[in-house]
Amino acid sequence: MAWPLITADSHHNVPLDLVDELPAKYRQYLPRIEQREDGAYLVRPRFAAAAKRKKDRKAANQVLDQMTAALSDGIKVDGLDERQLRQMVMGDCGPLASPAPTPEERLVDMAREGVVGEVLIGEGAFGMMLPDDDANLAWCRLANDWMADAYKDHMGQFAPGMLLPLHDLRAAADEVTRAAAMGLRPILLPEVITGMPYSDRMWDPVWEAAAAARVPVFLHLVGGFAGAMFMGIDALPIGEAGGAQTAFAIGSAAGMVTLGWFVNSGVLERHPDLTVALIECNAGWLAYAMQQWDHALHSRYAEIAHRGGVLDADLQAPPSYYVRRQVKCQFMWDPAAVALRHEIGMDVLMWGNDYPHMEGAFPDSQLWVDKQFAGVPHDEIMKIVHDNAADVLGLTV
């Protein structure tokens with residue numbers, strides 16, 4: 001049958017010319033079209049891969065030097081039509097996808113495969129942070145304003161994610177409140193930011209603002225853990241045969257680390273109204289993680305760790321309780337998660353097609369759902385491919 005799908009992982013960029021609304025001194029840090037003597041070039045400065053604490057000025061200056069050098073780079077785009085340019089900006093798009101910034105245009109591709117609702121995953125999911133603090137805040141506010149205005153008449157069908165200024169987490173908390181009041185949700189963050197673990201109390205203002213505004217935090221896979229694990233490993237370099245498949249599996253299961261920060265450090269216990277979702281991390285590993293965390297809590301393992309200076313989680317309830325109460329986990333192709341859906345929790349799982357990326361399900365989302373959900377009761381399929389996302393994001397389709 002044709003399922004009314006809601007994709008919890010659908011990628012989106014604001015229009016390239018939005019950067020022209022910023023002061024000229026800020027534009028150098030952002031993707032844009034640059035007119036040169038021999039034509040138009042798409043310039044994509046290298047962003048900091050991870051947000052830096054403000055006190056780390058040396059590292060920030062190194063990033064700035066790299067970005068400044070990158071400004072002379074660019075790809076000539078004369079002769080490309082609008083669709084080709086969008087695909088180039090989005091990166092790794094499937095040949096049939098026509099990624100667009102506006103709801104009217106996106107609805108065309110959604111209708112091709114029965115997708116009725118989308119979570120719009122923008123650059124905030126990849127830890128974007130500009131080296132200039134003023135530019136960072138100005139761009140976040142401008143991008144969020146554009147998203148709120150463009151989708152204001154379609155908030156029942158789309159959940160536009162918000163971009164946060166990560167150089168100052170109190171400013172980020174203020175932006176959560178402001179953007180949520182305009183209808184934006186969820187908060188977008190990568191699954192790991194170097195030097196800023198989500199278990200750290202520095203994030204409390206953001207979690208408090210998210211809980212107060214009732215907007216979930218979506219943590220999108222960027223592959224940071226997989227990259228770190230491969231560094232210095234000669235047995236199977238990522239660039240050689242089998243490396244990509246190995247890295248993909250490790251990267252997906254690395255969501256266990258991110259979720260562990262929220263569950264076992266007590267973040268979810270301290271913020272009972274906070275909802276977090278792991279995006280593009282798959283979900284089959286979640287049953288194992290919940291089992292092991294419950295087994296290890298207040299156990300001989302915790303006692304041994306404590307002797308070595310590592311504190312026990314000391315939670316009031318088993319970790320699996322917080323997962324089922326406050327966590328969502330999105331997958332695209334994960335028959336193991338489907339088979340373990342009751343062990344994980346039927347309220348936890350969400351589906352997404354990773355539009356418009358080449359590795360995504362588009363335009364075959366219905367086929368992917370039929371294959372991996374074969375034999376599953378109708379109401380359970382609907383809960384995972386539609387209802388859970390609708391509930392956590394307030395979608396009405």
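Author: Proline 356 sits in the loop between β11 (349-351) and α17 (365-372). Helices here are DSSP runs of H or I, at least four residues long, and strands are runs of E, at least two long, both numbered from the N terminus. This is a predicted model, where local features need pLDDT of at least 70, side-chain atom pairs count only at pLDDT 80 or more, and totals for chains, interfaces and linings use all residues. Residues are numbered from 1 along each chain as its sequence is written, and side-chain values use heavy atoms, leaving out hydrogens and water.

The peptide bond from tyrosine 355 to proline 356 is cis. Its omega is near 0°. Aspartate 354 belongs to the loop between β11 and α17 too. Its phi is near 60°, a positive value in a residue other than glycine. Most residues other than glycine have a negative phi, and most peptide bonds are trans. Is aspartate 354 buried or exposed? Aspartate 354 counts as buried because its relative accessibility is 2%. The cut-offs are under 20% relative accessible area for buried, over 50% for exposed, and partly exposed in between (1.4 Å probe, protein chains only).

Now the sheet. β11 ends the order β7-β8-β9-β10-β11 in an open sheet of five strands with parallel pairing. Strands pair if DSSP finds at least two bridges between them. β7 and β11 stand at the edges with a single partner strand each, so one side of each has no neighbour in the sheet. From one strand to the next, the twist averages 25°. Angles run from 0 to 180 degrees between N-to-C directions, with axes fitted to C-alpha atoms, for helices over the stretch in contact. Contact means heavy atoms within 4.5 Å.

Helix α18 (residues 378-393) lies across β8, β10 and β11. It runs at about 105° to β11. Helix α10 (residues 255-264) lies across β8, β9 (276-279) and β10 (327-331). Its angle to β9 is about 170°.

Leucine 189 has leucine 219 as its bridge partner in β8. Another cis bond joins arginine 185 and proline 186, with omega about 10°. Proline 186 lies in the loop between α6 (169-181) and β7 (187-190).

One more positive phi: histidine 298, near 55°. This histidine 298 is in the loop between α12 (285-296) and α13 (300-307). Histidine 298 counts as partly exposed because its relative accessibility is 47%.
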